[in-house]
Amino acid sequence: VPLWGRAAIAVGQRDIEDFVVQLQRVVTVRGRVVLEKGTKAESHLLITADPVDGDPTLGQPMGATVPNDPLLAFTIEGLMSGRYHLRSFNGLAVVSVMAEGKDVRDVGLDTSGGRDMEDVVNSLTDRHAEIRGTVHGRPGSVAAVIVFPVERQQWTNYGWEPDRFRTTRAGSDGS
């Protein structure tokens with residue numbers, strides 16, 4: 001069984017002996033992808049586990065669906081203790097991530113219990129929300145638009161690539 005361990009240690013002027021690092025099992029996540037009606041996708045989907053808190057020491061474990069598998073099953077192995085968002089690198093947006101009867105899209109999969117997770121359902125779509133408008137203000141000035149969630153708790157712990165934050169520069173006409 002693959003194991004991992006981590007412990008903080010401060011090294012000073014003296015030797016440290018009998019230092020113990022508690023080992024834990026890595027977690028495997030097994031599940032399937034569900035594509036929303038009408039979604040077009042490649043036959044091979046890459047699914048990554050992105051640490052919610054952005055901790056680079058947790059890595060970015062990934063798995064993939066098998067080409068031509070009608071169930072679109074995936075397995076992601078080697079997750080350490082933490083919370084992870086499931087992402088797709090195929091240009092698809094995550095609609096929901098169902099685990100143990102709850103949608104954990106915004107909070108992430110919790111692997112701190114050290115138990116493998118089965119039957120995770122990652123729902124994806126190729127439809128993306130779009131906002132159009134015009135920035136009014138000083139003519140000729142540089143303007144940008146920032147879109148973010150209204151729920152303050154979603155302003156943190158969104159992983160390495162937040163899917164609910166967008167920025168764009170306004171054109172010279174303000175559009």
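Let's start with Pro2, which sits in the segment before strand 1. When I say strand, I mean a DSSP run of E with at least two residues, numbered from the N terminus. Pro2 counts as exposed because its relative accessibility is 56%. The cut-offs here are under 20% relative accessible area for buried, over 50% for exposed, and partly exposed in between, with a 1.4 Å probe and protein chains only. Pro2 is also 26 Å from Met98, C-alpha to C-alpha, and the two are 96 residues apart in sequence.

A quick word on what you're looking at: this is a predicted model, where local features need pLDDT of at least 70 and side-chain atom pairs count only at pLDDT 80 or more, while totals for chains, interfaces and linings use all residues. Residues are numbered from 1 along each chain as its sequence is written, and side-chain values use heavy atoms, with hydrogens and water left out.

Staying at this end of the chain, please find Ile9, in the loop between strand 1 (3–5) and strand 2 (23–25). Ile9 is partly exposed, because its relative accessibility is 44%.

Most residues other than glycine have a negative phi. Asp18 counts as exposed because its relative accessibility is 74%. Now look at Leu72, in the loop between strand 5 (62–64) and strand 6 (73–79). Leu72 has a positive phi as well, near 50 degrees. Is Leu72 buried or exposed? At 14% relative accessibility, Leu72 counts as buried.

On to the charges. How many salt bridges does a search of the whole structure find? The search finds 10, where a salt bridge is a side-chain nitrogen of Lys or Arg within 4 Å of a carboxyl oxygen of Asp or Glu. One of them pairs the side chains of Arg25 and Asp116, at 3.5 Å from N to O. That pair links distant parts of the chain, 91 residues apart: Arg25 is in strand 2, and Asp116 is in the loop between strand 10 (109–110) and strand 11 (117–125). Arg25 is partly exposed at 36% relative accessibility, and Asp116 is partly exposed with a relative accessible area of 25%. Arg25 and Asp116 also belong to a network of salt bridges with Arg30 and Glu118.

Val26 counts as buried, because its relative accessibility is 12%. Thr111 lies 8.6 Å from Val26, C-alpha to C-alpha, although 85 residues separate them in sequence.

Another salt bridge joins Arg83 and Asp110, whose closest N and O atoms are 3.6 Å apart. Here too distant parts of the chain are linked: Arg83 is in strand 7 and Asp110 in strand 10, 27 residues apart. Arg83 is partly exposed at 37% relative accessibility, and Asp110 is partly exposed at 34%. In the Glu130 and Arg132 salt bridge, the closest N and O atoms are 2.5 Å apart, and both residues are exposed.

Last stop, the largest pocket, with a volume of about 1,000 Å³. Of the 37 residues that line it, the closest to its centre are His128, Ala129, Asp163, Phe165 and Arg166. For the method: on a 1 Å grid over the protein atoms alone, a pocket is an open set of points where a 1.4 Å probe fits, with protein on both sides within 12 Å along at least five of seven lines, and lining residues have an atom within 4 Å of a point. Grid points are joined across faces, edges and corners, and the volume is the space filled by probe spheres set on them.

Which strand gives the most to the lining of the largest pocket? Strand 13 does, with four residues. Strand 7 (83–88), strand 8 (93–99), strand 12 (144–147) and strand 13 (166–169) each supply at least two. The lining divides into 14 nonpolar, 12 polar and 11 charged residues. In that tally Ala, Val, Leu, Ile, Met, Phe, Trp, Tyr, Cys and Pro count as nonpolar, Asp, Glu, Lys and Arg as charged, and the others, Gly among them, as polar.
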